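The report below is meant to be read beside the sequence and the coordinates.

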Amino acid sequence: MVYGAGDVRVENVPDARLVESSDAVVRAVAGCISRSSFAPEHRHTPVIVGPPRGARTRGHEPARTFAAAGLRMKPGAPCAEADAIGTGHLPQRRPAEAARKDLTMKHAKLGNLDVSRIGLGAMGMSTAYIGPGDDDQSIRTIHRALDLGVTFLDTAEVYGPYINEELVGRALKGRRDAVVLATKFGLISHTGRGGLDSSPASIRAAVEGSLRRLGTDYIDLYYQHRVDPDTPIEDTIGALAELVAEGKIRHIGLSEAGVATIRRAHAVHPVTALQSEYSLWTRDPEPAVLPLLRELRIGFVPYSPLGRGFLTGQIRSAGELDDADFRRNNPRFSTENFDRNLRSADEVAAVASEVGATSAQVALAWLLAKGDDIAPIPGTKRVSRVEENAAADQVTLAPEQIDRLDRLTPAAGDHHNEEQMRMIER
Ligand SMILES: NC(=O)c1ccc[n+]([C@@H]2O[C@H](COP(=O)([O-])OP(=O)(O)OC[C@H]3O[C@@H](n4cnc5c(N)ncnc54)[C@H](OP(=O)(O)O)[C@@H]3O)[C@@H](O)[C@H]2O)c1
């Protein structure tokens with residue numbers, strides 16, 4: 001029998017499938033553990049369940065591994081008599097390069113705001129892709145990001161709603177000053193009128209809620225989540241400028257705003273950043289928005305830079321997605337379009353294998369190559385992936401590879417469903 005401690009889970013049925021290999025998950029069956037290259041595509045070797053007697057194993061080291069994971073086991077229990085399984089998390093063994101990278105993550109300038117040029121999107125930790133996540137795992141992911149030099153965290157009051165900000169607030173306890181903290185308002189009405197609401201009264205209520213949930217007295221970058229057609233942008237920016245003057249927010253951002261709105265907003269108070277969807281398969285900002293941002297010296301934050309996971313090549317069929325996954329309502333993930341889009345994922349994978357990187361890293365490196373005023377915020381709730389994504393900072397693409405990626409097969413299907421597209425200014 002294995003006894004759990006801390007975040008150790010004890011189950012009755014052994015399950016040899018590792019869910020988070022590079023978190024160095026330890027699974028143990030009645031005192032028999034083996035080390036294996038279970039997931040060779042990951043950089044860390046996981047420790048996996050010792051299989052029943054007779055199966056192939058390499059190097060048993062139960063006592064040391066159990067102790068590191070905070071597990072205790074009954075001495076002498078034979079493998080074949082397994083009656084329980086424990087799962088714990090080993091402290092990461094950090095290779096020297098990873099430790100050095102902590103100090104060398106490059107930075108980007110969004111207006112006059114300095115951020116690590118790769119940030120972390122927290123949305124998927126609470127909503128969207130699989131429903132509520134595993135908060136402990138998400139907090140470890142945020143902490144790992146900070147250790148790797150990621151200083152730019154993204155959330156919104158609507159994620160959850162509210163619980164994502166609470167989660168980020170908990171993760172940042174004692175480390176608030178280490179990050180540029182961005183959140184958003186405007187998709188929830190606090191005035192009772194419903195729909196998009198960026199009226200000054202709604203903003204006043206929203207900011208107090210966000211500050212409370214985030215456990216802070218200032219927000220570094222406060223974005224309007226979608227342009228509100230019923231409130232002149234001048235009124236919205238005027239209210240935000242007052243919050244800047246009061247020290248409640250430090251910078252103003254917009255999301256999915258078009259060129260006319262950006263100009264009008266910037267004339268009232270400097271806008272620091274625009275956050276809109278931009279990735280290898282969503283190129284909408286290139287013809288008009290990006291040139292305007294450069295003219296006005298506004299930074300750009302690409303959201304969904306991994307194409308909601310698609311560009312990583314890890315999802316190979318639309319049927320893999322959970323029924324609750326919001327990509328089920330995204331046209332690019334419909335069964336028909338998904339299969340056509342696989343071609344783009346394969347083109348990214350081809351470049352990735354040339355540069356010895358992963359597809360996710362290539363998708364991010366392509367964005368980074370577009371300018372030092374661009375800071376993508378890939379979303380993940382996993383330590384292994386935040387490590388992988390942060391390491392994209394070190395990936396350099398040759399001009400010929402960038403050119404090929406620029407000409408990637410265009411995506412089949414819009415990047416949002418019809419209702420969501422109506423909220424995007426173009
Ligand atoms: N302003 C807006 O309207 C808006 C809209 C959408 C998103 N956002 C922001 O942008 C952030 C990022 O966008 P996003 O989360 O929609 O999309 P994304 O970053 O393009 O992709 C996230 C998805 O990719 C997976 N993933 C992450 N790293 C991976 C890797 N290295 N290999 C394989 N899969 C990987 C994640 O799964 P796991 O979590 O399981 O790793 C998740 O399902 C959000 O968190 C949010 O903060 C803003």
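## Overall make-up

The model is a predicted one. The protein contains 13 helices and 16 strands, and 46% of its 426 residues are buried. Among the contacts in the protein with a separation of 6 or more, 74% are between residues 24 or more positions apart.

## Helix packing

Two packed helices are described by the angle between their axes and the distance between the axes.

| Helix pair | Angle between axes | Distance between axes |
|---|---|---|
| α3 and α4 | about 55° | 9 Å |
| α3 and α11 | roughly 25° | within 8 Å |
| α6 and α7 | about 40° | 9 Å |

Helix α3 (residues 135-147) and helix α4 (residues 163-171) pack at an angle of about 55°, and α3 and α4 are therefore oblique to each other. The crossing of this pair, α3 and α4, is right-handed. On the side of α3 the contact is made by D135, S138, I139, I142 and H143, while α4 contributes L167, R170 and A171. Sorted by kind, the residues of the contact of α3 with α4 comprise four nonpolar, two polar and two charged.

Helix α3 also packs with α11, where the axes cross at roughly 25°; because angles under 35 degrees count as roughly parallel, α3 and α11 are described as roughly parallel to each other. The crossing in which α3 passes α11 is right-handed. Here R140, T141, R144 and A145 in α3 meet V383, V386, E387 and A390 in α11, and the residues of the contact of α3 with α11 divide into four nonpolar, one polar and three charged.

The pair formed by helix α6 (residues 233-245) and helix α7 (residues 259-268) packs at about 40°, with the axes 9 Å apart, which makes α6 oblique to α7. The crossing of α6 and α7 is right-handed. The contact involves I233, E234, I237, G238 and A241 from α6, together with T261, R264, A265 and V268 from α7. Of the residues of the contact of α6 with α7, five are nonpolar, two polar and two charged.

## Local backbone features

Most residues other than glycine have a negative phi, and most peptide bonds are trans. Against that background, the peptide bond from G160 to P161 is cis, with omega near 0°, and P161 is found in the loop between β11 (152-154) and α4. The loop between β11 and α4 also holds Y162, a residue other than glycine whose phi has a positive value near 75°. Y162 counts as partly exposed because it has 17 C-beta neighbours inside 10 Å.

A positive phi of about 55° is found for R308, although R308 is not a glycine. R308 has its place in the loop between β16 (299-303) and α9 (335-355). With 25 C-beta neighbours inside 10 Å, R308 counts as buried, because the cut-off for a buried residue is 20 or more.

In space T396 and V355 are 8.0 Å apart, C-alpha to C-alpha, and in sequence they are 41 residues apart.

Note on methods
Residues are numbered from 1 along each chain as its sequence is written. This is a predicted model: local features need pLDDT of at least 70, side-chain atom pairs count only at pLDDT 80 or more; totals for chains, interfaces and linings use all residues. Axes are lines fitted to C-alpha atoms, for helices over the stretch in contact, and angles run from 0 to 180 degrees between N-to-C directions. Helices (H or I, at least four residues) and strands (E, at least two) are DSSP runs, numbered from the N terminus. Angles under 35 degrees count as roughly parallel, over 145 as roughly antiparallel, 65 to 115 as roughly perpendicular and the rest as oblique. A crossing is left-handed if the near helix is turned anticlockwise from the far one by less than a right angle, and right-handed if clockwise. Two residues are in contact if their C-beta atoms, placed from the backbone, lie within 7 Å. Ala, Val, Leu, Ile, Met, Phe, Trp, Tyr, Cys and Pro count as nonpolar, Asp, Glu, Lys and Arg as charged, and the others, Gly among them, as polar. A residue is buried if 20 or more other C-beta atoms lie within 10 Å of its own, exposed if 12 or fewer, and partly exposed in between; C-beta atoms are placed from the backbone.
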